[in-house]
Amino acid sequence: MKSSGIGGQAVMEGIMMKNQNQYAIAVRKPNQEIEVKKEVYQGTGANRRICRLPFFRGIFGFVDSLVLGMSSLMYSARFFEEEEEQEPSRLEKKLTELFGEKLESVIMTATVVLSVVLAIGLFMVLPTWLASLFRPLIPFQFVITVLECVFRIALFVGYIVLISRMEDIQRTYMYHGAEHKCINCIEHGLDLTVENVAKSSKEHKRCGTSFLLLVMMISAAFFLVIHPQGMAMRILSRILLLPVIAGVSYEFLRLAGNSDHPLVNALSKPGLMLQRLTTKEPTDEMIEVAIQAVEAVFDWRAYEKETFGRQFPESGEK
């Protein structure tokens with residue numbers, strides 16, 4: 001298997017697929033038509049050489065995924081807003097007066113920043129604080145750090161389990177499965193049809209779920225070595241090390257997507273197991289949406305000809 005390099009995410013009733021600096025969002029609208037939007041996203045460090053270097057590309061790539069992901073979600077949500085005109089609230093009117101046409105960009109930026117702050121608080125600061133409560137009972141710093149890592153992974157998995165019970169999230173997870181199935185179908189040399197996609201695996205080693213779990217696991221390795229004294233310094237070290245951990249996690253995920261080495265596969269297993277919670281079997285209609293998103297930004301026929309020596313007819317040809 002050779003990595004195709006494409007990736008994406010599920011959005012509201014649709015899929016966003018990205019290939020290099022191009023991305024497409026395909027959404028199944030309420031009238032059942034599929035709307036496809038194709039754009040170019042240069043990224044935060046498109047013109048900086050350092051952003052293409054190993055390790056650094058993971059840091060900037062993580063930021064780009066947050067920004068593009070939130071933008072794609074907001075775009076897909078527009079199709080499902082209530083059709084009835086509602087009088088804007090006083091707050092909405094005030095914000096429109098202040099920011100004008102930039103209001104959407106401001107809201108997106110604020111949402112991304114708030115999401116990052118909440119994630120750091122829940123998955124970095126809270127586990128450190130919970131583990132510190134056991135310090136009077138456990139005098140060994142190594143044990144306290146291990147306990148902190150256990151709390152962190154438990155909170156992360158628990159969060160995923162809780163939100164997976166929501167009906168809207170379950171549909172999003174089905175589209176997430178359709179995204180993975182499309183990529184797996186291509187990367188295993190199959191014609192990109194609904195039938196072939198449906199029988200492909202819904203787990204993929206380059207998934208964002210695996211990336212986040214890797215961050216949790218690799219952070220454990222860092223924190224077992226680096227454990228400054230004092231609660232404030234421990235929390236600060238966790239936050240400051242996040243870019244380093246993200247960069248290392250990205251490089252492993254990139255390696256996993258291009259390798260079938262037994263050791264790499266073994267280390268990828270926890271992430272693949274966790275994806276059983278974040279991906280569900282999609283319907284044929286969802287797969288159709290995913291296929292259109294892929295074909296808008298990726299020439300899978302050229303990829304399969306180069307990778308597998310197989311040539312498929314163009315769409316509509318026999």
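**Ground rules.** I number residues from 1 along each chain as its sequence is written, and my side-chain values use heavy atoms, with hydrogens and water left out. As the model is predicted, I ask for pLDDT of at least 70 for local features and 80 or more for side-chain atom pairs, while totals for chains, interfaces and linings use all residues.

**Confidence.** I looked up pLDDT (the predictor's confidence in each residue, from 0 to 100). The protein has a mean of 87, and 94% of its residues reach 70 or more. I take helices as DSSP runs of H or I, at least four residues, numbered from the N terminus.

**α1 and α3.** The axes of α1 (residues 56-77) and α3 (residues 103-132) come within 10 Å and cross at roughly 125 degrees. I therefore call the pair oblique, the label left once angles under 35 degrees (roughly parallel), over 145 (roughly antiparallel) and 65 to 115 (roughly perpendicular) are taken out. The contact (heavy atoms within 4.5 Å) involves L66, V67, M70, S71 and M74 of α1, and on α3 I find residues including E104, I107 and M108.

**M174.** I found M174 in helix α5 (residues 167-187). Buried or exposed? M174 is buried, at 18% relative accessibility; the cut-off is under 20% relative accessible area, with a 1.4 Å probe and protein chains only. Its C-alpha lies 4.4 Å from that of K280, 106 residues apart along the chain. Neighbours within four places in sequence aside, M174 contacts K280, E281, P282, T283 and M286.

Notes:
Axes are lines fitted to C-alpha atoms, for helices over the stretch in contact, and angles run from 0 to 180 degrees between N-to-C directions. Helices (H or I, at least four residues) and strands (E, at least two) are DSSP runs, numbered from the N terminus. Buried means under 20% relative accessible area, exposed over 50%, partly exposed in between (1.4 Å probe, protein chains only).
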